[in-house]
Amino acid sequence: MDRDAIFAAILAIVTCFGTPFAVFGLSPGDPARGEKIYDRCIACHAIDRDRTGPRHAGLFGRRAGSIPNFPYSAAMKGAGDKGLVWNDHTLDEFLESPTKYISGTRMGYAGVKDSQERADLIAYLKQVTQQ
Amino acid sequence: MSDIFVPSFVLARRAFFSRGGKMALSATAVALLAGNEALATSYNQTAAASATGDVDILNTALGAEQEAIAAYQVGAESGLLKKPALDLAIAFQGHHKAHADLLAGTVKKLGGSPAEAKKVSDYHFPTNQLKTGADVLRFAAGLEKGAVSAYLGAIPLFDNRDLAKAAGSILGDEAMHWAVLRQALGEVPVPDAFVS
């Protein structure tokens, strides 16, 4: 294989696997570290049931404010109505500062300011909500 | 439960808190939270959005406190806790009731409607996982740890600094609960230099 082909192959690999992180500025998260960070969420959330906050089961791909019968704020419902769907990117932005991302949310939490911690938390959520 | 150690100073604190259930807050926080009309009026002059934000934060905290009250009720009624662990659970429930009363009163003072407690059955506590007294205490410890994190995350958001200080006082109480429960379980009561 000549150098041009090798370069093209490397570029293709980086593009396929590196783009999500490059574009969104996310580092691969560690679910084990993320589980410890999830301890900060357990005052209000659980994976399998609604509490003060909605359950996290089924989070990824779910439209914001869409769990039936959960008393969401108007702001959260409105965000969902406008098309907000939870994924790695939207969760990263929301978790950094919930009240800034969705003004009027009842999630009165300053946020997870460290980007690596957010990545770890998101990795954990992705792992545990798919079980 | 013979293998759960409850420090005697905790039992003495129960008597202190049972006398009227009054919390020791700063003079400013007490004035605001106990109905100082001048302070309450001045709040109305701030931006409506900030008052609404504080009410929302307070109501979220109130919801968590109501859940803790219900959780301790379930724990106490489970039959799995024996003295002195049962006394501990009842004392801590009393503290959460005091927190809830304070939060609800403040929400009303700010013109909001306090969140209402759910029926105990609507909290869907994982009671099928609670087989021993230690399980109950560990469940409670998890809730207390969560409460510490929740208040830690909420305090920076309060527009009113007196409310932030009062919330800090509650955070301190939750942290003490967490540490005492850890010790009762035979765990290191204060595992780290910082909480998050």
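**A predicted model of chains A and B**

Chain A contains six helices and zero strands. The model is predicted, with an ipTM of 0.75 and a pTM of 0.77. Of the 131 residues in chain A, 31% are buried. When contacts in chain A between residues at least 6 apart in sequence are considered, 53% of them join residues at least 24 apart.

The mean pLDDT of chain B is 81, and 74% of the residues score at least 70. Within chain B, helix α1 (residues 8-18) has the lowest confidence, a mean of 39, while α5(B) has the highest, at 97. Residues 1-5 of chain B stay under 50 in pLDDT, and the model has 11 contacts beyond four places in sequence for them. The pLDDT is also below 50 over residues 8-31 of chain B, a stretch with 28 contacts in the model beyond near neighbours in sequence. Where pLDDT is low, predicted coordinates should not be read in detail.

The largest nonpolar core has 70 residues, and those touching the most other members are B:A61, B:A140, B:Y151, B:A154 and B:A167. Both chains supply elements that give two or more residues to this core: α2 (31-38), α3 (74-81), α4 (88-96) and α6 (115-129) from chain A, and α4 (48-77), α5 (85-109), α6 (133-154) and α7 (161-184) from chain B. The most residues, 12, come from α6(B). What does B:Y151 contact, leaving aside its neighbours within four places in sequence? The contacts of B:Y151 are B:A61, B:A167, B:I170, B:L171 and B:E174.

Next is the contact between the chains, which takes 13 residues from chain A and 18 residues from chain B. On the side of chain B that touches chain A, the elements giving two or more residues are α4 and α6 of chain B. Here α6(B) provides the largest share, eight residues. By type, the residues on this side of chain B are seven nonpolar, eight polar and three charged.

The last element to consider is α7(B). This helix has 24 residues and, at 1.5 Å a residue, should span 34 Å; its end C-alpha atoms lie 35 Å apart, so the two values agree. After α7(B) comes B:G186, with a positive phi near 80°.

Conventions:
Residues numbered from 1 in each chain as written. Chains lettered and ligands numbered in written order. Predicted model: local features only at pLDDT ≥ 70, side-chain atom pairs only at ≥ 80, totals over all residues. Core = buried A, V, L, I, M, F, W, Y, C linked by C-beta atoms within 7 Å. Buried ≥ 20, exposed ≤ 12 C-beta atoms within 10 Å, placed from the backbone. Helix = DSSP H or I, 4+ residues; strand = E, 2+ residues; numbered from the N terminus. Contact = placed C-beta atoms within 7 Å. Nonpolar A, V, L, I, M, F, W, Y, C, P; charged D, E, K, R; others polar. Expected span 1.5 Å × (residues − 1). pLDDT = per-residue confidence, 0-100.
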